[in-house]
Amino acid sequence: MSHKPTITDTLQFPADSKVPGALFGVGAVGLIATIIGYFLDADQFFFSYLVSFTFFSGIALSALIMVMLHHITKSSWGVVFRRISESFTANIWIWAIFVVPILFGIHNLYHWSHPELLEYGTEEYDKIVSGKSPFLNSTFFIIRQVIYFAIWGFLGYKLHKVSVQMDETNDWGLSALLRKVSAPGILLFAFTVAFAGFDWLMSLDPHWFSTMFGVYFFAINFQAFWPIMILIVFYLHKQGLLTNTIRQVHIYDLGAWFFAFTVFYAYIAFSQFLLIYYANLPEETLWYYHRMEGGWQYLLYGSLIFRFAVPFLVLLNREAKKNRMILGGMSALVLIIHFAEIYWIAMPTLYDHGFSFSWMDITAFLGLGGVFFGLFFRQFKQNDMIPKNDPKLEDCLSKSYHQ
Amino acid sequence: MSKYQYVPEPALVKGDHDFSSLTRLVTDINLRETPKAWYLAMMGANALLMLMVVAIGYLIWEGTGIWGLNNPVGWGWAIINFVWWVGIGHAGTLISAILFLFRQDWRTAINRFAEAMTIFAVMCAGVFPAIHVGRIWVVYWMFPIPNQMAMWPNFNSPLLWDVFAVSTYFTVSLLFWYVGLVPDLATIRDRATDKIRKVAYGIFSLGWTGSNRHWWNYEKAYMILAGLATPLVLSVHTIVSFDFAVSMIPGWHTTIFPPYFVAGAIFSGFAMVLTLMIVARKIYGMKDIMTDDHMEKMNIVILVTGSMVGFAYIMEFFIAWYSGVEYEKAIFMLRATGPYAWAYWAMMTCNVFSPQFFWSKKLRRSVGFTFFISIVVNIGMWFERFVITVTSLANDYLPSSWDYYSPTIWDVMTYVGTFGLFFTMFLLFLRFLPMIALAEVKAVIPLADPHNYDEETNEYVAPKVEVPEPQSEKV
């Protein structure tokens, strides 16, 4: 065929870019400030940390599943974005060290870790928590974190490494290897992410349970992943990078995914709520009850409006997904409300009497966010910004709108 | 050479086909003399259909007492069969709507077929809610019709939502199917030589001429219907799952039900498409269009959805223990070890273990094995609904009221009879309508791509994939 698309952009992120350094700087300042907070209010420190840790881990995990799904479905639409996702996944094994503070904070975060709850006959004895102790105990909790990060870290590292290798050797056969890693990877991902959701967030209230929670945890993270991708692409374009490679038609697809998983999020979150509301069993409704009073309810209404209703109505229109202002605005909105929703899940455990917000919530966010994106850009600039020898790249570059 | 082999995407249509040979392959079936074997098959299907009519007739005469329901098991085969058939009816719209939005061109070979199956399966499902009410002559009470008794359906009940969800789904699926059929009906109209066919297909092809404007409208309508049908794929089985999950019955009330039911529905629907496809493509010689590659892709969907169902089983079991609620724990232990353990393990084996064979590429491409698994899956999915419905009811909160449920011959006859309805409709479809979405298949063959024609001579040049030679040294 005579119409082979060629890449006219430079594929290297500027090596002298100050971005990673600046981000690491923000991260360091944020983390140091947060650590100072630890000495002022340890409980607040750990909860603030957990919320931000979950927020950024969710991005990396969503990137991981996205890469695996892309390989397994032999997709072409997102080849130009894949290196961005891969640069997130390649760092998961490093990011694992940030789970350590949570392990130190088990006692502050998780009520189930208090040994007196398990002592039969005492006043503190809690029959329900005691029944869960084979699963909810500090040793097994730590072991599980090691297992999760070992699996995610390995998958992320391997998928990135092989993909970069394909850049270098132009060996299309490696796409078969990538699929071989991805297929069992998706299965492992499903279970580890569900249980990570149980561990990090659901067990904050050890009495509450929901079979959907693993799916819900995935759904909130995955919806928030598309805004991250959209904003990164906009940032790259602003720097004048990949402007002819990642075209509007590609960004449109990100908008379409964003829309699809906005609906998916609403479907999962609403189903979980409706079933618990309808049956009205005390052991289940109490969790929502605490989160629908004392000011916390506004975060829930906020999710309903700004996480579903507004993006749904706005992004439904085809033209809206081609408009950068709208897409960027919706992305920022959903990211803010994503943070608010994790906050809404976690924080009422600590502040069951009413809404509370601490400066540590901001410093922990900036600290972890700075490090997370610092690591991302450090990784991203080491390799070409797109998998230049991918078998599906040509299809992706010659993409046009479907009418 | 690399350790791993790059395999280019296989062609969607095998063999040396051009537009006219595809037209002949698909539409000759509708134009030729009716084969004797078709009459034989139709007789078999009609016999089963009569069985259903008899079973339903006796039900109306005698009442629901003829079924095996007892106290506490007030829901039995009727709802199991309803959910089972509705579940099967999920594949068609998934293939035609969701895979269309995902631009999965391989769907063109099977979408017509799967949509037809969907519509007939939903018809079979619809039989059960209609007949289970006991006093069928007042069945209109299910609808919000003003009456002097001020009786209204309970709008808080998911059973009512079900009526709306299923009827919406049926309507949109039917419209979607029909819109897709229009260009192909016109093809048959144009090829038909006898008067009756010309008129009949002429009426239903709505004056289609294949003009640019017709195609433009067609594509728009198709896109809009795909967009409308996509949420319906999810909503129908979500609401079916609500029938159970909004209650307080242990084993029913669990939040993962909506996505888990949807995954299970797609799982069983794909299995049913495969069962029918493997038989039909052999009898009608459609192996060039419904290829082994299609079968392999569908087997991957079966593997994925089967594993999703397995994921949900494990989550339910884990959370039942984790919840610390005695009744939840008890019902799951009873399922695995109690009086219905045989059904539970049949379900586990068929739904979770059997699809795992499809990790093997060799088995994914084996026609015989796929046929076998596709039937096993649907047996398993029937047992899933049996386990959910019956075990939770038979062993409820009070052990003194426990009872064992067994169906009667009338339950069995009604269920077997619905196959008669299904196959009667399906045979009519195979005989009178093009079983392949001909216009869509033509659009995905390389001959349809203008890039594959030489710019100057306008001659067709088959596209080639050039696989680059890997470099052993790093560049």
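Chain A and chain B meet in a contact that takes 58 residues from chain A and 52 residues from chain B. The model is predicted. Between the two chains an area of about 4,600 Å² is buried, and carbon and sulfur atoms give 70% of it.

**Polar and charged links across the interface**

- The rule finds 1 salt bridge across the interface of chain A and chain B.
- This salt bridge joins Lys74(A) to Glu9(B), with the closest N and O atoms 3.4 Å apart.

**The side of chain A that touches chain B**

- The elements of chain A that give two or more residues to this side are helix 7 (127-132), helix 8 (138-169), helix 9 (174-200), helix 11 (248-279) and helix 12 (282-290).
- Helix 9 of chain A gives the most to this side, with 13 residues.
- By residue class, this side of chain A divides into 33 nonpolar, 14 polar and 11 charged residues.

**The second largest pocket**

- The second largest pocket holds about 860 Å³ of space.
- Its lining has 32 residues, and those nearest the centre of the pocket are Pro129(B), His132(B), Val133(B), Met142(B) and Val163(B).
- Helix 3 (77-88), helix 5 (111-131) and helix 6 (158-191) of chain B are the elements that give two or more residues to this lining.
- Helix 6 of chain B supplies the largest share of the lining, 6 residues.
- The lining residues of this pocket divide into 21 nonpolar, 8 polar and 3 charged.

Methods. Residues numbered from 1 in each chain as written. Chains lettered and ligands numbered in written order. Predicted model: local features only at pLDDT ≥ 70, side-chain atom pairs only at ≥ 80, totals over all residues. Heavy atoms only, no water. Contact = heavy atoms within 4.5 Å. Buried area = accessible area lost by both parts, 1.4 Å probe. Salt bridge = Lys/Arg side-chain N within 4 Å of Asp/Glu carboxyl O. Helix = DSSP H or I, 4+ residues; strand = E, 2+ residues; numbered from the N terminus. Nonpolar A, V, L, I, M, F, W, Y, C, P; charged D, E, K, R; others polar. 1 Å grid on protein atoms, 1.4 Å probe; cavity = no way out; pocket = protein on both sides within 12 Å on 5 of 7 lines; lining within 4 Å. Points joined across faces, edges and corners; volume = space filled by probe spheres on them.
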